[in-house]
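Hi,

Here is the structure I promised to pass on to you.

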Amino acid sequence: MTELLTGAPAPASAPPAGSAEPGRRAVRAGRRSRPPLLLVVPACLTAAIALLPMLYLAVRAFEQGAGVVGDVLLRERTLRLLIRSLLLAGAVTTACLVIGVALAWLTVRSDLPWRRGWAVVAALPLAVPTYVAGFAWISLLPRLSGFLGAFVVLTACSYPYVLLPVAAALRRMDPAGEEVARSLGLSPWQAFRRATLPQLRPALAAGGLLVALYALSDFGAVSIMRFDAFTRVIYTSYRSSFDRTPAAVLGLLLVAVTLVLVWLEARSRGRASYSRVGRGGARVGATVRLGRLRLPAVIVPVAVATLSLGVPAAALLYWTSVGVRGGFPALDVGGAALTTLTFAALGALATTVLAVPVGVLAARRSGRLPRLLERASWAGHALPGIVVAFALVFLSVRYAFPLYQRTPVLVLAYAVLFLPLAVGAVHASAAQSPPGLEEVARSTGARPLAVLRRVTLPLAAPGIAAGAVLVFLTCMKELPATLLLQPLGSQTLATRLWTETGVAAYSAAAPYAALLVLLSAVPTYLLGVRTGALDRPPGGRG
Amino acid sequence: MPRLLARTLRALLVTGLLATAACGSGGDDPAEQLAAAAEAGELVVYSGRNENLVGPLLEMFTEVSGIEVATRYGGSAELAAQLLEEGDRTPAAVFLSQDAGALGALQDAGRLEQLPADTLATVPAQYSSADGRWVGVSGRSRVLVYNPDLVAAADLPKSVFELTEPQYDGKVGYAPTNASFQSFVTGMRVTAGEERTRAFLEGFRDNDPKAYEGNALIVDAVNEGAIPFGLVNHYYLYEKASEAGGLDKLTARNYLFPGADPGSLVNVTGVAVLAGKQSQDAQAFVDYLLGEQAQTYFAEVTKEFPLIEGVQPDVPDLPPLSSLQGPKVDLSQLDSLAQTLALLDEVGLT
């Protein structure tokens with residue numbers, strides 16, 4: 001997962017294209033043996049933080065002996081659970097890939113009416129938490145539950161994870177391949193399938209991985225839809241037995257599944273080369289005229305927006321209108337919004353700072369250590385928030401008691417959960433800036449820290465910022481870890497929402513949900529604008 | 001475009017700093033203030049009951065006693081797990097739990113303080129821990145809600161076990177995922193044994209029961225005559241009655257199975273003091289919850305049963321606690337929910 005936001009191919013293992021030059025290769029080989037401590041030390045720290053929950057899970061899983069771990073793993077129920085969860089993740093990922101590619105192509109490459117508007121609208125479902133979408137769907141169609149319900153909600157909320165990188169990749173892709181394919185007599189569809197689609201593979205793999213892990217780790221959709229996936233069973237295990245061992249074993253299994261998926265994703269791109277001829281001279285391929293299909297094609301974004309935004313919006317409007325009649329708790333909502341922004345902004349900043357060394361190292365070095373550190377940063381991403389929260393309760397009570405139930409530990413939990421979002425963005429944008437500039441800076445005698453500060457980071461800043469926005473957005477929606485770790489007496493929009501729905505007062509909950517979605521829509525809009533059609537190079541159509 | 005994003009990053013930084021500053025200086029945001037205050041001798045309460053319900057009560061407590069309270073809200077089971085992870089360094093002095101099972105788990109782990117005998121004596125013995133480490137605060141009963149237009153009172157079943165008979169085929173509503181249905185099954189396992197419970201559940205399953213999302217929907221369905229019977233908690237009918245303007249506006253009625261029937265299990269919300277956290281303030285809090293003001297509040301807001309003598313809540317038609325029978329259960333044992341869920345899973349009632 002390296003090019004979520006920029007769509008730039010960022011080879012994780014293959015050496016950069018420039019290394020074919022003999023002189024450069026010598027430099028690079030020398031560097032590979034000795035990565036700069038300036039990056040390695042903080043990157044190791046980041047990886048260690050990401051691995052913190054593993055420590056806790058191992059302690060809890062094995063406290064009753066390895067036999068119990070075996071018992072839980074070998075239960076028939078565990079196998080069924082694994083299959084059900086993977087099926088759900090697979091179905092959601094497939095649907096998101098189809099929707100994401102279709103919308104990305106329509107908004108970037110076709111002459112779809114109101115294309116720029118659709119590019120932004122299509123990213124907005126990122127602002128809708130799955131528990132809000134879930135309640136909306138259940139209140140609309142009470143019979144929609146189980147696999148189908150979880151599938152609909154997760155797909156509607158997470159397809160932008162595919163859309164954003166694919167749209168970015170389409171904009172940056174060298175259209176020459178497709179043009180050659182067309183000139184050789186292939187139909188537009190054949191040219192897309194055989195020349196364009198393979199070029200999109202890194203973006204598809206990266207977005208697909210994020211969606212798959214999102215589907216595995218999300219609790220809101222599966223709990224509301226009553227589908228027994230990993231997270232729901234882990235949750236029920238805490239709730240039902242007060243025995244933390246089975247939950248910990250399942251958590252470890254989930255981490256193992258995550259690492260396998262991360263490895264598969266890296267493999268899927270590792271065999272091919274996606275480097276582009278020439279950097280910065282890219283053109284966007286010619287706009288494809290939809291002709292007679294131009295108006296009917298609008299059905300696609302309209303249908304997706306109706307399912308992903310229309311349903312939650314209708315439910316929220318209805319509940320809010322009912323709630324406002326009963327008095328609007330404006331002060332309460334404002335305070336909760338302020339707290340939400342504080343926690344999310346601090347979470348995004350901390351996560352981004354932690355991600356920079358890992359991402360830069362992975363983009364600039366090709367050895368085993370950078371790769372290992374980058375993969376380690378994924379460890380916590382598929383864990384349910386409640387598991388990460390218990391891990392930090394366990395660790396901070398023992399080793400950092402003065403910080404327990406204070407903002408720093410909550411911020412740390414956000415970092416553990418959402419590091420890959422930021423690491424990917426840093427990696428991709430650092431990989432895009434030519435290493436030659438850094439070498440020039442070094443040759444003028446600048447120290448490594450100065451090079452990082454004055455060359456590498458400014459060049460990568462836009463991508464890093466986009467990653468930070470994505471983390472910010474995700475922190476705003478986080479519920480289970482926030483409930484357990486937030487300072488005593490504080491309230492976020494998400495926890496207020498939880499309180500109100502706890503007494504089944506949807507109407508009272510709606511203002512919090514609506515404000516949460518509206519506030520999240522601002523950063524989502526920025527993400528949509530970034531990957532949308534607004535920054536087309538001059539001369540591009542539309 | 002890159003400039004726009006560089007600006008975004010800056011905006012994020014500014015948002016974080018400004019919001020933090022606003023929290024730090026404004027005094028409106030309770031976060032850090034309360035954390036600091038907690039260290040300054042405030043009573044820290046973990047509450048598994050909803051803030052909308054408990055919040056006003058805690059304010060009344062502070063008003064009466066002058067003791068400031070800082071509260072962490074969450075699910076009862078999650079808070080119990082958090083208390084177990086925290087061990088003896090927990091900031092919490094008091095745990096208010098939605099159900100007895102979570103308290104039982106903490107008691108088994110040795111995390112609860114012994115309560116004084118005169119506190120325990122305030123409520124009937126069956127509504128407190130047998131070991132004296134937690135005390136019930138309010139009670140709720142399982143009932144059979146029925147529609148008198150469809151069933152004559154004389155034809156009502158004498159026991160919940162009769163619901164597996166052919167005349168109840170397709171006529172009983174239940175909420176399989178609801179925590180109170182599950183604790184009813186746990187109660188049956190504890191009192192009637194595993195074998196009999198399994199036989200009941202299989203017979204019940206084969207009798208085509210109607211699954212609902214929640215208890216309130218069952219009461220609605222029974223009241224409208226869509227189904228004649230439902231297995232629910234007692235208070236849903238009274239909540240509906242207070243919305244409708246009185247029980248006489250509704251058709252549905254509650255029915256308590258006579259005798260020590262598992263179908264009429266009485267469960268409680270309970271409170272406990274954490275091990276090593278005994279203090280005058282903590283004791284004052286427990287005693288306040290068992291006083292007339294809090295007992296009346298619980299009954300009137302949630303339509304639950306007050307557990308102390310002599311409280312007359314303004315809830316029309318709520319039967320007195322002494323009229324309840326139910327099975328004899330040590331409520332601390334209702335922490336074996338895992339086995340219940342496994343059994344429901346095997347039988348296929350999920």
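In this predicted model, the centres of domain 1 and domain 2 of chain B, taken over C-alpha atoms, lie 28 Å apart. Both domains are made of two stretches of the chain: domain 1 covers 31-139 + 267-319, and domain 2 covers 140-265 + 335-347. Where they meet, 20 residues of domain 1 of chain B are in contact with eleven residues of domain 2 of chain B.

Next, a helix pair in chain B. Helix H3 (residues 51-65) of chain B and helix H11 (residues 280-289) of chain B have axes that come within 11 Å and cross at roughly 120°. That angle makes H3(B) oblique to H11(B), and the crossing is right-handed. H3(B) brings B:Leu57, B:Leu58, B:Met60, B:Phe61 and B:Val64 to the contact, while H11(B) supplies B:Asp281, B:Ala284, B:Phe285, B:Tyr288 and B:Leu289. Sorted by class, this contact of H3(B) with H11(B) has nine nonpolar residues, no polar ones and one charged.

Chain A has a helix pair for you as well. The axes of helix H8 (residues 160-172) of chain A and helix H11 (residues 201-217) of chain A come within 8 Å, crossing at roughly 170°. H8(A) is therefore roughly antiparallel to H11(A). On the H8(A) side the contact uses A:Tyr161, A:Val162, A:Pro165, A:Val166 and A:Ala169. From H11(A) come A:Ala203, A:Leu204, A:Gly207, A:Gly208, A:Leu210, A:Val211 and A:Tyr214. Ten residues of the contact of H8(A) with H11(A) are nonpolar, two are polar and none is charged.

Before you set anything up, here is the confidence picture. The model scores ipTM 0.79 and pTM 0.83.

Chain A averages a pLDDT of 81, and 85% of its residues score at least 70. Within chain A, confidence is lowest in helix H1 (residues 22-33), with a mean of 42, and highest in helix H7 (residues 146-158), at 94. Residues 275-281 of chain A stay under 50, and the model gives them eight contacts beyond four places in sequence. The pLDDT is also below 50 over residues 532-542 of chain A, a stretch with 24 contacts beyond near neighbours in sequence.

For chain B the average pLDDT is 85, with 88% of the residues scoring at least 70.

Best wishes

Methods. Residues are numbered from 1 along each chain as its sequence is written. Chains are lettered from A and ligands numbered from 1 in the order in which they are written. This is a predicted model: local features need pLDDT of at least 70, side-chain atom pairs count only at pLDDT 80 or more; totals for chains, interfaces and linings use all residues. Side-chain values use heavy atoms; hydrogens and water are left out. Axes are lines fitted to C-alpha atoms, for helices over the stretch in contact, and angles run from 0 to 180 degrees between N-to-C directions. Helices (H or I, at least four residues) and strands (E, at least two) are DSSP runs, numbered from the N terminus. Angles under 35 degrees count as roughly parallel, over 145 as roughly antiparallel, 65 to 115 as roughly perpendicular and the rest as oblique. A crossing is left-handed if the near helix is turned anticlockwise from the far one by less than a right angle, and right-handed if clockwise. Contact means heavy atoms within 4.5 Å. Ala, Val, Leu, Ile, Met, Phe, Trp, Tyr, Cys and Pro count as nonpolar, Asp, Glu, Lys and Arg as charged, and the others, Gly among them, as polar. pLDDT is the predictor's confidence in each residue, from 0 to 100. Domain bounds come from an automatic or database domain assignment.
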